[in-house]
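Dear colleague,

Please find below the structure that I am handing over to you. My findings follow it.

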Number of protein chains: 2
Amino acid sequence: MVALDPAALHDSLRDPVLGSIGFLNEVMGRYPDAISFAPGAPHPDFHDELDVHRYVERFLDHLVRVEGHDPERARRLLYEYGPARGLINGIVAEALRRDQGIDVPPAAIVITVGAQEAMLLALRALFGSSRDLLAVASPCFVGIVGAARLLDVGVVPVRETEHGIDLEALTEACRTARRDGHRVRACHLAPDFANPGGGRMSLDHRRDLLRLAQQEELLLIEDNTYGFTAAPTDELPSLKALDIDGRVLHIGTFAKTCFPAARVGYIVADQPITAENPSHSDPAPKRSGRTGLDAGPTGLDARPGGLDARPGGLDAGHGGERLLATELAALKSMITVNTAPLSQAAVAGFLLEHGGSLAEPSHRRAAIYRRNLACLLAALDRHLGEPPPAGVTWNRPEGGFFVRVRLPVPVDLDLLEVSAAKYGVLWTPMAPFYLDGGGDHQLRLSCSYLDPEQIETGVRRLADFIREEIGV
Amino acid sequence: MVALDPAALHDSLRDPVLGSIGFLNEVMGRYPDAISFAPGAPHPDFHDELDVHRYVERFLDHLVRVEGHDPERARRLLYEYGPARGLINGIVAEALRRDQGIDVPPAAIVITVGAQEAMLLALRALFGSSRDLLAVASPCFVGIVGAARLLDVGVVPVRETEHGIDLEALTEACRTARRDGHRVRACHLAPDFANPGGGRMSLDHRRDLLRLAQQEELLLIEDNTYGFTAAPTDELPSLKALDIDGRVLHIGTFAKTCFPAARVGYIVADQPITAENPSHSDPAPKRSGRTGLDAGPTGLDARPGGLDARPGGLDAGHGGERLLATELAALKSMITVNTAPLSQAAVAGFLLEHGGSLAEPSHRRAAIYRRNLACLLAALDRHLGEPPPAGVTWNRPEGGFFVRVRLPVPVDLDLLEVSAAKYGVLWTPMAPFYLDGGGDHQLRLSCSYLDPEQIETGVRRLADFIREEIGV
């Protein structure tokens, strides 16, 4: 049997971001009874109330009774290939308008296999030259770094504080890049309770960032995953809701507000594409006589009977222009062809059951996460505070799933192994979230998947571990 | 509103493969009543017998009664994140062993979002250097070309005849590449009834190809999408079933044999990774102290309660080595995180309902496709043969979904427009399937989505179109 030399595989496979996932899986497998502050997964209780079968029927009913589809044809949509851009764009557009004040046409949205595919699409479309760089808020969300590595997109980390990305550092990164013959093409960040940083941007900070993006001519890739965990009295508009000149690509997921296994996310990309080369935006491109063909392993994107087979239909924005979302859908046809219609139907039915809005289920879920976060912070105070051991500190985010704890010693895998084996508590080392060498004295605690009693016990174990092993 | 310059977007968006999908959608939208030989989608009748709800329950029952899972935990698998490699690898491995004589451990398989994601994973893992080239059977399957463009992988077309890929041309391509300082790292092909070529390789030809791959040190990426359409008396082993030294990556899809909207495919990648750099295959990599973190927008791949959270579990092959599939799963965590568990459950339940095998449903479907293909060829003979107009010929594949017709004039979009508008019949121009300028006098007819009466009417219209418009 021929063996493959790892050195001949793509560089991304040698990246710590990819290489270390296996180890964490392996540790968790070896200590199944440990209390784990590692997974950032949604709380399992929410899944008990779900009824996918009912949601799917609800969506089909909507297609027939509201959108006027033939019942048999509507049901077939669940079994056939669908349009790359998605089947439920109108329902998602309406929810974005109601819940977040993001007012875009369905054509500006692509339904994706989770937020992860949305990031990959955005990077692939926007990064056309090796001189272009992606700025990422640091500590970084590993999904965006992984997507960039996969596409050989250069990444520049930009410091993030509890108040969000540092605008001076971002400006400086843009200028340094220009001086070196590069360009910061886009910046990825989460304005609300970033994973893992936990910071949040004020309204003024958001407006300043949009101005900076305009001045420095960069695009913002906004990740809205944790925005819903804000207290109802403390909601802030997303960057996209404030975006008047199209600087923002907005990525969301239904993983936390509906359920993760649907694998349904979306990207809002309403930027018009201005054809300097007219053949590009021509609806009937004829470059060297080549055209008209399959998208995917299948088959053909242009299925008979699809929802997007409407003349002059979904490709165009409010003003009839071709939008970036159309380009993203074309790329998607070469990645996953289309997002599973059954999953889309489940999410759409869930939205319809809640009046076409995520507000009510999101608020219900957010209350649990805020309770858990409060429990976690209180347990840290109780077991590690008054006074905390020398060199032990933690941040106090007001939302999201994560708290970071700083220790006076390097936090590495050997330490994790001790914590798991002797104290029965798991967490995530923070070093992999930093591209420039920071974070090696930090660990991340996630409270999303646990109950208050587990949080209490887990923090007690963590405190014992810190006092006994680290000797503070 | 700021507009984006298409010239600054990634090159793949200027590729005819991507650019032309929109046009075909648009034409089909404008002529909804035309008979369309364009879509290669599975016949809709098969979907009427499907019952996803029942299949999902069947899979859950299997998890509980056969695999010994707790019922509540089993149901939660449908709602939570799952392992990147998949949830149903064991069931798929068993079906591959029974149906195709492909004997690999579950750890050698990654469940993907259709065959398209499998191609993207294979290319991303294998192509680590810009000197590496991908050979593709020509006429080419557009999905593989699209994936290569997305990843900036260089592509070399290699002539395919009715007997499959031309081995002399492939050998020559390898030698030319070497002479130019390149290397043909892998070759993508479908040994059975390729889309769109329709060719089929004999058993001897398959063995010769495997020998060639060994001699020239290249990997084969085998697409098995249409193998099931062979007559039951005429089935040939796949390349993977004949592969003794690990030269073959085998890609399959449940789109045609189960249903397309599941978006479930798989890749078999049982090649061991030999660590020349020992830290790479170390189960606990510690490069610069960075490790242990999220995979995906979520969260963490290492969820509590997952099916892969077994010590020493799914990462290893028969002999305990790390396999290429493990690397592909790591990459997948940065593309789609995991394949929707509901979709996987539906496919697994479908398999279990058919005794853990696709043989019976595949044979039933194949019979319909062979009937349609026979109808299409008979109608072409009847309406265009005896004698055919000068310069009009077509191939006679013995399986698959597609027939190619050669005309004595260039086949372009203007001609398609005339065919649609005046004659009410649609087809696909072949030129985009050729990377080196061939095919501009050919069109492709697909018979998979139509019924015999539509095929008869469609071919009559096509014959009128050819005789009247082309003047032969």
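With which side chain does the side chain of Thr225(A) make a polar contact? The partner is the side chain of Asp223(A), at 2.5 Å; a polar contact is a pair of N or O atoms within 3.5 Å, where, within protein, one must be able to donate a hydrogen and the other to accept it, and residues adjacent in sequence count only if both atoms are side-chain atoms.

This is a predicted model, in which local features need pLDDT of at least 70 and side-chain atom pairs count only at pLDDT 80 or more, while totals for chains, interfaces and linings use all residues. Residues are numbered from 1 along each chain as its sequence is written, chains are lettered from A and ligands numbered from 1 in the order in which they are written, and side-chain values use heavy atoms, without hydrogens and water.

Thr225(A) lies in the loop between β7 (219-223) and α10 (239-242) of chain A; helices (H or I, at least four residues) and strands (E, at least two) are DSSP runs, numbered from the N terminus. Thr225(A) counts as buried because its relative accessibility is 4% (buried is under 20% relative accessible area, exposed over 50%, partly exposed in between, with a 1.4 Å probe and protein chains only).

In chain B, Ala359(B) belongs to helix α14 (residues 359-384). With 30% relative accessibility, Ala359(B) is partly exposed.

Yours sincerely
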